[in-house]
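User: I am new to this structure and would be grateful for a close look at a single part of it. Please give a connected account once the sequence and model are shown.

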Amino acid sequence: MGDAVAQAADLHNWAKHPLHKELLRFLGGGVTVHVQPAVRAEACPALVLNADYRPLSYYPLSIWCWQDAIKAVFLDRVNIVSEYDKTVRSPSFEMRLPSVVSLKSYVRPSRQPAFTRFNVFLRDRFTCQYCGSREDLTFDHLLPRSKGGQTTWDNVVTACSPCNLRKGDRLAGDVEMWPHQPPFAPSLHDLHRNGRLFPPNYLHESWLDYLYWDTELEP
Ligand SMILES: [Zn+2]
C-alpha cells in the first residue's frame with residue numbers, strides 16, 4: 001500500500017494538474033470523487049456505471065481493466081458510454097477502448113462499504129493510529145490474532161510497521177499503546193468525508209461527469 005501513502009503525500013503535485021484543479025474546484029463545491037490508488041493510466045481502466053449512470057460502487061470505485069470491459073461489451077452486458085483514443089485490433093476487428101461503460105441491468109448497490117485494506121486506511125485517514133505516521137502503513141489487530149482476534153472492522157487499525165512491531169502480539173493495555181480512535185465499521189458517509197482528503201491519482205476526464213455524490217445517495 002506504499003502507493004496509497006505516496007499518493008496522499010503527493011497531493012501537492014497532483015493538485016497542479018489542470019484537470020485536477022478543475023476537480024478540486026468541484027470538491028470545494030461539496031462534490032467528492034475517489035479512485036482506488038492502484039489504478040494506472042496504462043491499464044486504460046473503464047469506469048463501470050450502474051444502469052442509472054451512477055458508479056456501481058464508490059469505495060472501492062467500480063473500475064474494470066480494458067480486457068474485462070471489452071468482454072462485457074461482447075457479452076452484451078454493458079453499453080459503451082465513452083471511449084479512449086486508444087484502439088485494440090485483431091485481424092477481424094478494431095475498436096476503441098471503453099473509458100466508461102454502463103450496465104444494461106440495474107444492480108442494487110450495497111449500502112455498506114466493503115471491508116478492504118484501502119477502506120480501512122481511508123477510515124483511519126492513512127494515518128498510523130498509534131503514532132500518527134503516514135509512512136510504511138500496515139494493519140494491527142487490536143486483539144492479536146494469536147489471542148483469537150478477528151480481522152474485522154472493529155479489531156483492525158492502521159499502524160505503521162515500527163508501531164506494529166513494537167506492539168507485536170501484546171494487548172494495547174500491556175504496552176500502553178492505544179489507537180487514536182477505536183476501530184469501527186464506517187458508513188459510506190464516513191468514507192465519503194475522508195475521501196475528500198485523499199483525491200485520486202488516476203482519473204480519466206470522461207469519468208468526471210459520473211463521479212459525484214448527489215444528496216440522494218447519502219444514507
Ligand atoms: Zn506508528
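How many bridges join strand β1 to strand β4, and do the two run parallel or antiparallel?

Analyst: The model is a predicted one. Strand β1, residues 46-49, is joined to strand β4, residues 94-103, by three bridges, and the two strands run parallel. Within this pairing, Val48 has Val101 of β4 as its bridge partner.

Strand β4 is also joined to strand β3, which spans residues 78-89; here there are eight bridges, and the strands run antiparallel. Glu83, for instance, has Pro98 of β4 as its bridge partner. Four residues lie between β3 and β4, and the two strands form a hairpin.

The helices may be considered next. In helix α8, residues 188-195, the buried residues are Leu188, His192, Asn194 and Gly195. These buried residues line one face of α8, because they fall within an arc of 170° when seen down the helix axis. They pack against helix α5, residues 117-123.

Helix α5 contains Arg117. Arg117 counts as partly exposed because it has 15 C-beta neighbours inside 10 Å, whereas a buried residue requires 20 or more. Arg117 and Val156 are 39 residues apart along the chain, and their C-alpha atoms are separated by 9.8 Å.

Conventions. Residues numbered from 1 in each chain as written. Predicted model: local features only at pLDDT ≥ 70, side-chain atom pairs only at ≥ 80, totals over all residues. Pairing = 2+ DSSP bridges. Buried ≥ 20, exposed ≤ 12 C-beta atoms within 10 Å, placed from the backbone. Arc of directions from axis to C-beta. Contact = placed C-beta atoms within 7 Å.
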